[in-house]
Amino acid sequence: MTPGLAYFYGGMVNSRNVISTMLQSFVSMGVISILWIVVGFSLAFGESKGGFIGDPRTFFMFNGVLDGKPWPLAATIPLALFAFFQLKFAIITPALITGSFAERVNFKSYILFIVLFSLFVYSPLAHWTWHPEGFLFKMGVLDFAGGTVVHMSAGWAALAAAIFLKKRKSLTENEVNPPANIPFVLLGTGLLWFGWFGFNAGSAVGAGTLAVSAFATTNIAAAAAGLSWALFDVAKGKKLSALGFCIGAVVGLVAITPAAGFVTIPTSIFIGTVAGIVSNVVAHWKAKSGRIDDTLDVFPCHGVGGMVGMIMTGIFASGAINSVVTADGAAGEGLAFGTTGLFFVHLIALAIVSGFAFGASYLLLVITNAIIPMRVSAEEERVGLDVSQHDEVLMEA
Amino acid sequence: MNRKAYVPLIILLAVSFLAVFMPAVPKSIITEGLNGGDIAWMLTATAFV
């Protein structure tokens, strides 16, 4: 998925920033992989400290992972495999943020930021939501594959980053910067769509009917959202664009992520359709207001898409699809089944996660900026990050 | 020469040396209760993501 994200974002930025934008995703695979082995997995899934964070000593340097007991919620696979599946989520989350500060971020400061983000935002959120002792888990929050942990956290961090780094020079000077390569966006969308089957159906942590159900809802939600975004554009008088369909499909994938293993397959049509329209409206409103320069609409897609998914899970989660929904200690089925508990738990979780992800990310941006300035100079921005940060060009003239 | 430029490399080297002294050698591999089909699917899913 992460290379797919590189193509998705790389195709949307202007031609002077393609390599840097793509490399931001790839370098996340390098940095977060090492960090996860050293301490990241422990912070997320180590022995719980009050439901807020894992003990960093539990699996320090992956000690006890290869010979550890299987994770309680993934009893039929080795702990090491569970740890590596989770690593892939930890990698893509900071990479998702890169779309918000594209075309103006200092690459070195970006690396420092993703280290801090992974340690102090991602790992705690994963612990709260997916560790059996995590406080959101105990509240009964249902997040099948990362609607809160991955997408809402990335979306809110992206909004914080867009506000903190302020607008691109090209935007303030009304310069036209067309996307560098639309086929890259199509290729990236295809890779993301394909990879998302592992993301969501893999979150069943077994080869059973739940994985099949999650696989199906994932595909259908992406299809519905791609169509709803594109057709909403057409209804507003725009042409049906490749960019619109691709962004819509990704929004659908985001929105179904928390719900994939809890809702019926037809319900995923509704979730995808609503998410596509809501995110389209937010992205359009943001562009029209012109106050926040979230370069590639990360907040409307991942933040808003993730929140829509959380709310939809609170409405449509069914015990017939996944017995976890009605197990002892669970918050019960969704609003559509006549119970309100899960819906209100999700609203509370949504507020907590949003506040924490935005506030903590903003603080980390301030700290990072104090160590290494996050924004490149005006001249570096003008020549583009490919040359100014890497001495590389997309194509020789 | 910019000394600060060495900091990330030094951190990576430190982690590399730490890995040599903390190799996490397993005492015994647990296989009881594991399912080959689930493992195959999860390896595939992990590669997808």
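**Exercise 1.** In this predicted model, list which residues are buried in helix 11 of chain A, and then state which helices are included in what covers them.

*Solution.* Begin with the burial criterion, under which a residue counts as buried if 20 or more other C-beta atoms lie within 10 Å of its own. Applied along helix 11 of chain A, this criterion gives T267(A), S268(A), I271(A), G272(A), T273(A), V274(A), A275(A), G276(A), V278(A), S279(A), N280(A) and A283(A) as buried.

**Exercise 2.** Work out what span helix 11 of chain A should have at 1.5 Å a residue, and how far apart its end C-alpha atoms are.

*Solution.* Helix 11 of chain A covers residues 267-289, which is 23 residues. The expected span is 1.5 Å times one less than the number of residues, so for this helix it should come to 33 Å. The end C-alpha atoms are 33 Å apart, in agreement with the expectation. Just after the helix, G290(A) takes a positive phi of about 70°.

**Exercise 3.** Identify which residues have the most contacts inside the largest nonpolar core, and then find what A255(A) touches.

*Solution.* The largest nonpolar core holds 143 residues, and those with the most contacts inside it are A157(A), L253(A) and A255(A). Helix 3 (residues 79-97) of chain A gives the most to this core, contributing 14 residues. For A255(A), leave out residues up to four places away in sequence; the residues touched are then A221(A), A225(A), I271(A), G272(A), A275(A), G305(A), V308(A), G309(A) and M312(A). Among these partners, I271(A), G272(A) and A275(A) are also buried residues of helix 11 of chain A.

**Exercise 4.** Describe chain B, and determine how many residues each chain brings to the contact and which helix of chain B supplies the largest share of its side.

*Solution.* Chain B has 2 helices and 0 strands, and its C-alpha atoms fill a box of roughly 55 × 30 × 10 Å along the principal axes. Of its 49 residues, 12% count as buried. Chain B averages a pLDDT of 91, with 98% of the residues scoring at least 70, while the predictor gives the complex an ipTM of 0.93 and a pTM of 0.95.

The contact takes 25 residues from chain B and 31 residues from chain A. On the side of chain B that touches chain A, helix 1 (7-21) and helix 2 (36-48) each supply at least two residues, and the largest share, 11 residues, comes from helix 2 of chain B. By class, this side has 17 nonpolar, 6 polar and 2 charged residues.

Definitions and conventions:
Residues are numbered from 1 along each chain as its sequence is written. Chains are lettered from A and ligands numbered from 1 in the order in which they are written. This is a predicted model: local features need pLDDT of at least 70, side-chain atom pairs count only at pLDDT 80 or more; totals for chains, interfaces and linings use all residues. Helices (H or I, at least four residues) and strands (E, at least two) are DSSP runs, numbered from the N terminus. pLDDT is the predictor's confidence in each residue, from 0 to 100. Two residues are in contact if their C-beta atoms, placed from the backbone, lie within 7 Å. Ala, Val, Leu, Ile, Met, Phe, Trp, Tyr, Cys and Pro count as nonpolar, Asp, Glu, Lys and Arg as charged, and the others, Gly among them, as polar. A nonpolar core is a set of buried Ala, Val, Leu, Ile, Met, Phe, Trp, Tyr and Cys residues joined through C-beta atoms within 7 Å.
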